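Visitor: Could you walk me through this one, and start with how you use your terms?
Guide: Gladly; here it is, and the terms come as we need them.

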Amino acid sequence: MSDYPRLPNVLAAGVAAMTLVLSLATGCSRGSRGNASSDLEADGETEAARSDTGPPELPRVLIDTHLVPPTGRRITLNAGDDLQRALDDAQPGDVLLLAPGAEFVGSFTLPRKTGNGWITIRTALPDAELPPEGTRLTPSLAPRLAKLVSSSENPALSTAPGAHHYRLLGLEITVRSDVRTNGAIVALGGWRDQTSMDQVPHHLIVDRSFVHGHATLNTKRCIAINSAYTAIVDSYLADCHDKGFDSQAIAGWNGPGPFKVVNNYLEGAGENVMFGGGDPAIHGLVPSDIEIRRNHFFKPLSWKGVWTVKNILEFKNAQRVLVEGNVFENNWLDAQVGFALVLKSDNQSGGAPWSVTRNVTLRYNKLLNSPGGVDIMATGNNIREPANRILITDNLFDCRGTQLGGLGRLWQLVEDPFEIDIEHNTGFADTSALMLDTRQKSHVVVRNNIVTRGAYGIFGTSKGEGNPAIDYYLPGSVITQNVLIGKTTAVYPAGNVFVARASDVGFVDFDHGNYRLAKGSRFKGGGTDGRDLGADFDALEKATAGVVVPLGQLVTGKCPTSSVCPVTAAGNTK
């Protein structure tokens, strides 16, 4: 379900669009006085100082990833042919057709070309043998895919500075089985050596491809996206893991965006997806206009104790982000305390004080089997603006299960994030609904939710439960029309209701996971907006329909040759 306004489809725009990217990504958003990063350095103005009101701003730019019909040559490559020479010789509009099943071993670079036509690199399969656009490719098709295989710690595929207009379609991209360490399997853009916008690669699409490590590989990430106008769609990213270092399926920190991550399967140990985590080498850069929809984020439980695990989705430097219709599954206590989603402004290494997380919308998502829900915080290192303007609405959070360790907290606000709206969610956690800590947080709304109280409900360090914590840590907040499951003697603001048991809420079928309100529930239509309390499960189920494909069918090779597997709502095991 995507009911945000239709915005320009600008992926087909030329190199001149990079001027727009600069204004989008240097931390200047709606209402700011200037677009250049020097403005940020000179006056230090932030959105925090402007008291902007209303919901978080959604992505200004949506990337259109529909296949552009090729206009150039069709160049066939067989096993043993020189792929790098073919890439160097290719011209905009050309299609490189790689023989099905052929392996191309090495570290290949996408060169910068003159002109804006697309160069497509794809397996030479008939279109009918690939899943159609909008359908996720799965490993069942791997025997038929052409393979790009790194034989070292270097990427199998990377970009030259300023490379643009490349589509990778129907490829398997991986690392040879005898390689033990790898920095990134696919590297779109650079880090320390990418210091100006004209060096940023742009207009790049990974489409219906299988990008993966292997069972014994330490890789920092499957795909690094330090780029602009970049999309990863309908793809399968697996075995992205490392021991002793953060690893991700997708990570970006030195690219301006926009980014599109839609309809993928994403395995990552440290964080499945992360923006930030390294200081941008481009001054003032904030990854911007990020669309993350309809992905299955998954950590196999067999990784427990093997690979370093932290979170599922983390933003340390990102703005104008939409996270919608995803299923987040499996997280546990390991290198951190088990929160699945972490949002914070973090000047990671002390050289990027402009780093900020703001204007983030999380809606219609499911979080399953994690000991912690959402942790929103502001960290030190001389940041200028704490995390702010975050909307969390119509999500299901199932954070029960102490066997995974962790703190058992549904939501947590640490230090001084502000303009946080948590509304119309249904959530279950063992310890607390909302934990508050350290400093005051202004303009916080917690309204129309159905959650378990756990042991502590809404609790503040040194202040206890209920009004003492709310009055001290959340001045001017709105905390009302919430149903908390579990009795307490603490006093809460008017409008909040406590029930002893889940059966007192009036769920349709709590024991079998149907958390809609039954017709006889006293909380139907009880929201401040006239809606049922808790999440809108009709919209939630529509947004996440088809996101989960049973892994058992993939592993045993029982999918049809089209690679389109039947879809169920069942959770995956591996």
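Guide: Contact, or touching, means heavy atoms within 4.5 Å. This is a predicted model, in which local features need pLDDT of at least 70 and side-chain atom pairs count only at pLDDT 80 or more, while totals for chains, interfaces and linings use all residues. Residues are numbered from 1 along each chain as its sequence is written, and side-chain values use heavy atoms, with hydrogens and water left out.

Visitor: Fine. Which residues does isoleucine 223 touch, then?
Guide: Not counting residues up to four places away in sequence, isoleucine 223 touches Val186, Leu188, Val206, Val211, Ile232, Leu237, Ala249, Ile250 and Ala251.

Visitor: And which residues touch the most other members in the largest nonpolar core?
Guide: Leu98, Ile223 and Phe315 do, in a core of 89 residues. A nonpolar core here is a set of buried Ala, Val, Leu, Ile, Met, Phe, Trp, Tyr and Cys residues joined through side-chain atoms within 4.5 Å, where buried means under 20% relative accessible area, exposed over 50% and partly exposed in between, using a 1.4 Å probe and protein chains only.

Visitor: What's the overall make-up of the chain?
Guide: The protein chain has 6 helices and 45 strands, these being DSSP runs numbered from the N terminus (helices H or I, at least four residues; strands E, at least two). Buried residues account for 62% of its 574 residues. Among the chain's contacts with a separation of 6 or more, 77% are between residues 24 or more positions apart.

Visitor: How many disulfides does the structure hold?
Guide: The structure holds 1 disulfide, defined as a pair of cysteine sulfur atoms within 2.5 Å. This disulfide joins cysteine 222 to cysteine 240, with an S to S distance of 2.0 Å, and the link is left-handed, with -100° about the S-S bond. Cysteine 222 lies in strand β15 (residues 221–225) and cysteine 240 in the loop between β17 (236–238) and β18 (248–252), so the bond ties together parts that are 18 residues apart in sequence.

Visitor: Are those two cysteines buried or exposed?
Guide: Cysteine 222 is buried at a relative accessible area of 0%, and cysteine 240 is buried as well, also at 0%.

Visitor: Switching to charges: how many salt bridges are there?
Guide: The count comes to 28 salt bridges, where a salt bridge is a side-chain nitrogen of Lys or Arg within 4 Å of a carboxyl oxygen of Asp or Glu. One of them pairs aspartate 289 with arginine 320, whose closest N and O atoms are 2.9 Å apart. That pair links distant parts of the chain, with aspartate 289 in strand β22 (residues 288–293) and arginine 320 in strand β25 (residues 318–324), 31 residues apart. Aspartate 289 and arginine 320 are both buried.

Visitor: Which residues are linked in a network of salt bridges?
Guide: Glu314, Lys316, Lys344 and Asp346 are linked in such a network. Within it, lysine 316 forms a salt bridge with aspartate 346, the closest N and O atoms being 3.8 Å apart. Lysine 316 is in the loop between β24 (313–315) and β25, and aspartate 346 in the loop between β27 and β28 (357–363), so this pair too links distant parts of the chain, 30 residues apart. Lysine 316 counts as buried because its relative accessibility is 8%, and aspartate 346 is buried at 9%.

Visitor: How about arginine 501 and aspartate 504, what do they form?
Guide: They form a salt bridge, with the closest N and O atoms 3.3 Å apart; arginine 501 is partly exposed at 49% relative accessible area, and aspartate 504 is partly exposed at 30%.

Visitor: Last topic: where is phenylalanine 297, and what is it in contact with?
Guide: Phenylalanine 297 is in strand β23 (residues 296–298), and it counts as buried because its relative accessibility is 0%. Leaving aside neighbours within four places in sequence, phenylalanine 297 is in contact with Leu266, Asn272, Val273, Ile292, Ile312, Leu313, Asn326, Val327, Phe328 and Glu329. The C-alpha atoms of phenylalanine 297 and alanine 249, 48 residues apart along the chain, are separated by 9.3 Å.
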